[in-house]
Amino acid sequence: EAYDRTLGLTEADIGARADIDLETEPDDDGGFCTRARSALIILEWSTVVRIASPAFYAMNDSRTPVAVSAAAVLVNAALNIVLMRRLGYTGLASGTSIAALMNAAVLLFLLHRRLGGLEGRRVATALGRIMLASIPMAATAAGVHSAAIIWLPGDALWPQAARLTAAIAAALAELTAAAHALGIREFREGVALVMARLGRTR
């Protein structure tokens with residue numbers, strides 16, 4: 001229960017600050033790419049937090065993940081204020097990305113010190129493959145988005161939703177193909193867990 005409250009605080013804060021209209025400037029491909037990369041960073045490192053935090057609760061330590069999450073919220077707010085003035089709306093995505101990185105990095109560092117190691121070589125190998133797979137995914141999302149602007153122009157809600165849906169669907173398909181080609185076992189395990197969770201909710 002304490003873990004759920006901690007995650008709620010972190011994810012609510014991240015969600016509130018990451019809820020940026022990706023179509024604010026439909027013709028700004030550079031801005032879209034920046035925000036798309038930030039969204040990927042937030043997603044990846046929030047997943048790390050989801051994995052690391054329960055380890056502390058399993059060791060009857062609820063203070064550490066709560067303290068780190070609270071610090072990440074404060075860093076997020078401060079960075080958003082500073083970067084928003086300098087970078088505009090892109091600063092919000094950048095600030096949230098940095099806070100997500102800090103949250104995950106601090107938890108991993110503390111967990112590594114507590115356990116005396118985290119199979120660093122295996123983790124580094126998996127991380128390298130995941131980062132490699134994310135490159136074509138980001139390129140696919142940007143390419144589909146650029147093409148969708150031509151085929152579905154306009155600032156109304158439905159063309160914006162259609163463009164965003166097409167970009168996300170294409171990016172996920174590319175990620176799946178890249179993960180299969182690179183033999184990323186963790187990706188297959190993650191998909192299996194998600195499917196199992198969806199199966200239980202039906």
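The following paragraphs lead through the structure from its overall build to single residues.

This is a predicted model, in which local features need pLDDT of at least 70 and side-chain atom pairs count only at pLDDT 80 or more, while totals for chains, interfaces and linings use all residues. Residues are numbered from 1 along each chain as its sequence is written, and side-chain values use heavy atoms, leaving out hydrogens and water.

The protein chain has seven helices and zero strands. Helices here are DSSP runs of H or I with at least four residues, strands are runs of E with at least two, and both are numbered from the N terminus. Of the 202 residues in the protein chain, 31% count as buried; buried means under 20% relative accessible area, exposed over 50%, and partly exposed in between, with a 1.4 Å probe and protein chains only. Among contacts (heavy atoms within 4.5 Å) between residues at least 6 apart in sequence, 74% join residues at least 24 apart.

Helix H3 covers residues 63-87. Its 25 residues reach 35 Å from the first C-alpha to the last, close to the 36 Å expected at 1.5 Å a residue; the expected span is 1.5 Å times one less than the number of residues. Just after H3, Gly88 takes a positive phi of about 75°.

Next comes the interior. A nonpolar core is a set of buried Ala, Val, Leu, Ile, Met, Phe, Trp, Tyr and Cys residues joined through side-chain atoms within 4.5 Å. The largest one has eight residues: Ala133, Met137, Ala141, Ala171, Leu175, Ala178, Ala179 and Ile184. Helix H5 (120-151) and helix H6 (157-182) are the elements that give two or more residues to this core, and H6 gives the most, with four. Not counting residues up to four places away in sequence, Leu175 touches Ala133, Met137 and Phe187. Apart from this core lies another, of seven residues, among them Phe56, Val68, Ala104 and Leu107.

Is Val144 buried or exposed, or in between? Val144, in helix H5, is partly exposed, because its relative accessible area is 25%. Leaving aside neighbours within four places in sequence, Val144 is in contact with Ala166, Ala167 and Ala170. The C-alpha atoms of Val144 and Ile168 are separated by 8.9 Å, although the two residues are 24 apart along the chain.
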